[in-house]
Amino acid sequence: MHLNGPMSDGRGLVMIVEDEPSIADIERRYLTQAGYGVHLESNGLAGLAAIRALRPVAVVLDVGLPGMDGIDLCRTLRSEGDWTPIIFVTARDDEADEALGERLGRLAGEAEEGREEMRLEVVHGVEGAGER
């Protein structure tokens, strides 16, 4: 679902791949307020296809997705040589997932920690992703 144009205020398009509508809506609002265009997909396979087609400046990626989980989506992109910055947003509390997320992308933290903290992590994560 394309929610904004590919360019918004010159900041670029951010892909959100999130199956929880309330979390996706929060992420979308924060990113559009920060001047980014946003495209939203709710499962991993559709997200992978959209990332390949739209070439976003960054991806905000849930770990637990239907179709293909976020870790496998990220691994697929990396194996294809696609190093688009990825910010993982997860409610999982598994140290192994956290360590893998840190190696594959940038972990934005647990969505349940609070909306303001999530906003700061997602927006700052996207803004800092281009610095890597």
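Read along the sequence, the protein runs β-α-β-α-β-α-β-α-β-α. It holds five helices and five strands. Helices (H or I, at least four residues) and strands (E, at least two) are DSSP runs, numbered from the N terminus. This is a predicted model, in which local features need pLDDT of at least 70, side-chain atom pairs count only at pLDDT 80 or more, and totals for chains, interfaces and linings use all residues. Residues are numbered from 1 along each chain as its sequence is written, and side-chain values use heavy atoms, with hydrogens and water left out.

**Overall packing**

Of the 132 residues in the protein, 47% are buried. Buried means under 20% relative accessible area, exposed means over 50%, and partly exposed lies in between (1.4 Å probe, protein chains only). Contact means heavy atoms within 4.5 Å. Among contacts between residues at least 6 apart in sequence, 63% join residues at least 24 apart.

**The nonpolar cores**

A nonpolar core is a set of buried Ala, Val, Leu, Ile, Met, Phe, Trp, Tyr and Cys residues joined through side-chain atoms within 4.5 Å. The largest one has 16 residues. Val 59, Leu 61, Leu 73, Ile 86 and Phe 88 have the most contacts inside it. Five elements each supply at least two residues of this core: strand S1 (13-17), H2, strand S3 (58-62), H3 and strand S4 (86-89). H3 gives the largest share, four residues.

Leu 61 shows how these parts meet. Leaving aside neighbours within four places in sequence, Leu 61 touches Val 17, Gly 70, Leu 73, Cys 74, Ile 86, Ile 87, Phe 88 and Val 89. Another core, of ten residues, lies apart from the largest one; Ile 16, Tyr 36, Leu 40 and Val 60 are among its members.

**Helix H2 against helix H3**

Two packed helices are described by the angle between their axes and the distance between the axes. Here the axes of H2 (residues 44-54) and H3 (residues 70-79) come within 10 Å and cross at roughly 30°. Axes are lines fitted to C-alpha atoms, for helices over the stretch in contact, and angles run from 0 to 180 degrees between N-to-C directions. H2 and H3 are therefore roughly parallel to each other (an angle under 35 degrees).

From H2, the contact uses Gly 44, Gly 47, Leu 48, Ile 51 and Arg 52. From H3 come Leu 73, Thr 76 and Leu 77. By class, this contact has four nonpolar, three polar and one charged residues. Ala, Val, Leu, Ile, Met, Phe, Trp, Tyr, Cys and Pro count as nonpolar, Asp, Glu, Lys and Arg as charged, and the others, Gly among them, as polar.

**Buried residues in loops and a strand**

| Residue | Location | Relative accessible area |
|---|---|---|
| Val 63 | loop between S3 and H3 | 4% |
| Thr 84 | loop between H3 and S4 | 9% |
| Ile 86 | strand S4 | 3% |

Val 63 and Thr 90 are 27 residues apart in sequence, with 5.7 Å between their C-alpha atoms. Ile 86 and Leu 61 are 25 residues apart in sequence, and their C-alpha atoms are 6.7 Å apart. Thr 84, leaving aside neighbours within four places in sequence, is in contact with Pro 56, Val 57, Ala 58, Val 59 and Arg 78.

**A positive phi**

Arg 55 sits in the loop between H2 and S3. Its phi is near 50°, a positive value in a residue other than glycine.

Note on methods:
Angles under 35 degrees count as roughly parallel, over 145 as roughly antiparallel, 65 to 115 as roughly perpendicular and the rest as oblique.
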